[in-house]
Amino acid sequence: SEHLAFVTRLNLNRCQLTDAGVELLVTSPYLTRVVQLGLNRGSSDPLDKDVNRLTDAAAVAVAGADNLPALVDLGLGGPYQKLTAAGVRAVVESPKRAGLVELDVSAGPGGPGFADVFR
């Protein structure tokens with residue numbers, strides 16, 4: 001939607017996005033002003049473990065997006081995290097995401113693999 005051209009903060013937390021949805025979203029030519037993008041997983045229903053089960057494919061799509069030049073704050077956290085260290089690494093090491101100052105990958109599996117990404 002061309003209305004996204006005026007958006008600077010886009011909070012899609014708990015929106016039941018799929019990897020394909022994120023991949024489609026980040027191809028929009030109207031995201032050039034977005035400084036904050038919330039894709040955190042979660043649900044108001046603690047038994048709904050299928051909500052926002054984004055994987056590394058979504059992280060790779062965001063990492064490679066050409067149309068998010070203003071992005072400084074990215075939320076990919078949440079209790080049903082399916083990201084691996086490889087997906088987080090794709091974001092952290094992407095030259096296109098060099099402007100990030102905040103990256104939320106909280107409530108994920110964590111562990112030594114995640115720690116190594118930030119060394």
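The protein's secondary structure comes to four helices and four strands; here helices (H or I, at least four residues) and strands (E, at least two) are DSSP runs, numbered from the N terminus. This is a predicted model, in which local features need pLDDT of at least 70 and side-chain atom pairs count only at pLDDT 80 or more, while totals for chains, interfaces and linings use all residues. Residues are numbered from 1 along each chain as its sequence is written, and side-chain values use heavy atoms, with hydrogens and water left out.

Let's start at the N terminus. From there on, the elements run β-α-β-α-β-α-β-α. The strands form an open sheet of four, in the order β1-β2-β3-β4, with parallel pairing; two strands pair if DSSP finds at least two bridges between them. At the edges you will find β1 (9-11) and β4 (102-104), each pairing on one side only. From one strand to the next, the twist averages 0°.

Now look at β2 (residues 36-38) and β3 (residues 73-75), which pair in the parallel sense over three bridges. G38 stands opposite G75 in β3.

N40 counts as buried because its relative accessibility is 16%; buried means under 20% relative accessible area, exposed over 50%, and partly exposed in between (1.4 Å probe, protein chains only). A polar atom of the N40 side chain lies 3.0 Å from the backbone nitrogen of L76. Across the protein, buried residues make up 41% of the 119 residues.

Next come two helices. The axes of α2 (residues 56-64) and α3 (residues 85-92) come within 8 Å and cross at roughly 5°, so α2 is roughly parallel to α3. Axes are lines fitted to C-alpha atoms, for helices over the stretch in contact, with angles from 0 to 180 degrees between N-to-C directions; angles under 35 degrees count as roughly parallel, over 145 as roughly antiparallel, 65 to 115 as roughly perpendicular and the rest as oblique. In α2, D56, A59, V60 and A63 meet A86, G87, A90 and V91 of α3, where contact means heavy atoms within 4.5 Å.

Finally, visit R14, in the loop between β1 and α1 (19-25). R14 counts as exposed because its relative accessibility is 54%. Its phi is near 60°, a positive value in a residue other than glycine. Most residues other than glycine have a negative phi.

Definitions and conventions:
Polar contact = N/O pair within 3.5 Å; in protein donor to acceptor, adjacent residues only side chain to side chain.
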